[in-house]
Amino acid sequence: MKNTIKIGNALLAMAMSFMTGVVLAQEPVRIGVISSVTGPIAFVGLSHKNSMALLPTKVGDTDLKYVFYDDASDPTQTVRLAKKLLSEDKIDVLLGPSGSPNAIAAIPFMAQAKTPMLAVVGTQAAVLPMDDQKRWVFKTTQNDDLMAAALVEHMRSAGVKTIGFIGYNDSYGESWHKTIEPMLKDNNIRIVANERYSRNDSSITGQVTKLFAAKPDTVFVAGVGAGSALPNIQLRKMGYKGTIYQTHGAASPDYIKVGGESVEGTIMAASPMLVLSEIPDSNASKKLATEYVEAYKKAYDVAPPTFGAAFYDGGLLLKNAIPQAIKHGKPGTEEFRTALRDALENTKELVVTQGVYNMTGQDHSGFDKRGRVLMVIKDGKFTLLH
């Protein structure tokens, strides 16, 4: 009788252990997503939302649950939604938001909650300089300094001596100015005009007049998407003949569509994804980038901008890190979120659509030269600059 009871108790314990394991295995990782699918930067956020549908919903035995909100391009709404995701939706990680000012606004709240954020934005101010708050943030795009180095080297080799700078009057434009100014100085290139404009501006005649009057050898624009075409359009109308350089924020079909003839000859450093047919098959990212582009085209009948690829790469970062984090805690716990942060920071040689990630404690972007190429707009297309 006693043996029977012991066997029964053992079977019950085994059953309970099995059931507990099933519950743990079924607990999803909750991924909050904040994108700007309406408002001034909807052209960015829409590609994020579209790319979300292409991300995995399961990693190993672990389900992934995406909780999506639109912040309408408003940093105030970003903060409100981040708080909601943390307090009500109990997310383990945030993928987003779409805009640089939005990401900067959300950082303190994500850090306070000890929850990782994968910022799908351009400004390196989201991760640099590293501090106790930014250690919870990872940026899925190339840092400004990586791109700026290639552009300044091209300017130097082209004999540029003077430059006019015009950028957004927010964290994106300011970060670019702060990054490129010392590089230009080191290469004996002098900024002779320094202007700003708003993402909502439809005309920047005053700023462009000042740029034109300064007679710079070249003009550098720090804008994003269609909005970055505005300086091109107005400079060319005014008769400016010099070369115009752009950041990778302009690496969008909308930039060419809006700018038309005025963007011909523009030079930028951007993701190899835009010139896949021109890069060798040996390129680490070519195969994966091609698969992403084809999947996006199949789903939406249009090629994705690099903004969408940056979001998709954020999903690949999580796919790689979650199996490591799950060893240290279950989703929904601080242990898991901390382990996920640590796993993201230890990402090594992860091939994604835009290059290869190698994160460190001081570099939460992780791209190297494999994540950039110089290109020029020729005949209305992004073309590899040889």
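Helices (H or I, at least four residues) and strands (E, at least two) are DSSP runs here, numbered from the N terminus. With that in hand, welcome to a short tour of this predicted model.

Let's start with the backbone. Most residues other than glycine have a negative phi, and most peptide bonds are trans. Where does Ala 72 lie? Its place is in the loop between strand E3 (62-70) and helix H3 (75-87). Ala 72 is not a glycine, yet its phi is positive, at about 55°.

Two cis peptide bonds are also worth a look. One joins Gly 96 and Pro 97, with omega about 0°. Pro 97 sits in the loop between strand E4 (93-95) and helix H4 (100-112). Another cis bond runs from Leu 128 to Pro 129, and here omega is near -10°. The loop that holds Pro 129 lies between strand E5 (117-119) and strand E6 (137-139).

**Two helix pairs**

Two packed helices are described by the angle between their axes and the distance between the axes. The table gives these values for two pairs.

| Helix pair | Axes come within | Crossing angle |
|---|---|---|
| H11 (residues 306-325) and H12 (residues 334-345) | 8 Å | roughly 125° |
| H5 (residues 144-157) and H6 (residues 171-186) | 10 Å | roughly 40° |

For the H11 and H12 pair, the axes cross at roughly 125°, which makes H11 oblique to H12. H11 passes H12 in a right-handed crossing. On the H11 side, the residues that meet H12 are Leu 317, Leu 318, Ala 321, Ile 322, Gln 324 and Ala 325, and their partners in H12 are Phe 336, Ala 339, Leu 340, Ala 343 and Leu 344. Sorted by class, this contact has ten nonpolar residues, one polar and no charged.

For the other pair, the axes of H5 and H6 cross at roughly 40°, which makes H5 oblique to H6. The crossing of H5 and H6 is right-handed. H5 brings Asp 144, Asp 145, Met 147, Ala 148, Ala 149, Leu 151, Val 152 and Met 155 to the contact, while H6 brings Ser 175, Trp 176, Thr 179, Ile 180, Met 183 and Leu 184. These residues divide into ten nonpolar, two polar and two charged.

Rolling a probe the size of a water molecule over the atoms shows where empty space is left. How many cavities of 30 Å³ or more does a search of the whole structure find? It finds one. About 250 Å³ of space lies in the largest cavity. Its lining has 22 residues, and those nearest the centre are Val 121, Gly 122, Thr 141, Gly 249 and Phe 307. Helix H2 (42-52) and H11 are the elements that give two or more residues to this lining, and H11 has the largest share, with three residues. By class, the cavity lining has nine nonpolar, twelve polar and one charged residues.

The largest pocket has a volume of about 270 Å³. Its lining is made of Pro 253, Met 273, Leu 274, Leu 276, Val 293, Lys 297, Ala 303, Pro 304, Pro 305, Lys 381 and Phe 382. Helix H10 (286-300) and strand E15 (381-384) are the elements that give two or more residues to the pocket lining. In terms of class, the pocket lining has nine nonpolar, no polar and two charged residues.

How values were computed
Residues are numbered from 1 along each chain as its sequence is written. This is a predicted model: local features need pLDDT of at least 70, side-chain atom pairs count only at pLDDT 80 or more; totals for chains, interfaces and linings use all residues. Side-chain values use heavy atoms; hydrogens and water are left out. On a 1 Å grid over the protein atoms alone, a cavity is a set of points where a 1.4 Å probe fits but cannot get out, and a pocket is an open set with protein on both sides within 12 Å along at least five of seven lines; lining residues have an atom within 4 Å of a point. Grid points are joined across faces, edges and corners, and a volume is the space filled by probe spheres set on the points. Ala, Val, Leu, Ile, Met, Phe, Trp, Tyr, Cys and Pro count as nonpolar, Asp, Glu, Lys and Arg as charged, and the others, Gly among them, as polar. Axes are lines fitted to C-alpha atoms, for helices over the stretch in contact, and angles run from 0 to 180 degrees between N-to-C directions. Angles under 35 degrees count as roughly parallel, over 145 as roughly antiparallel, 65 to 115 as roughly perpendicular and the rest as oblique. A crossing is left-handed if the near helix is turned anticlockwise from the far one by less than a right angle, and right-handed if clockwise. Contact means heavy atoms within 4.5 Å.
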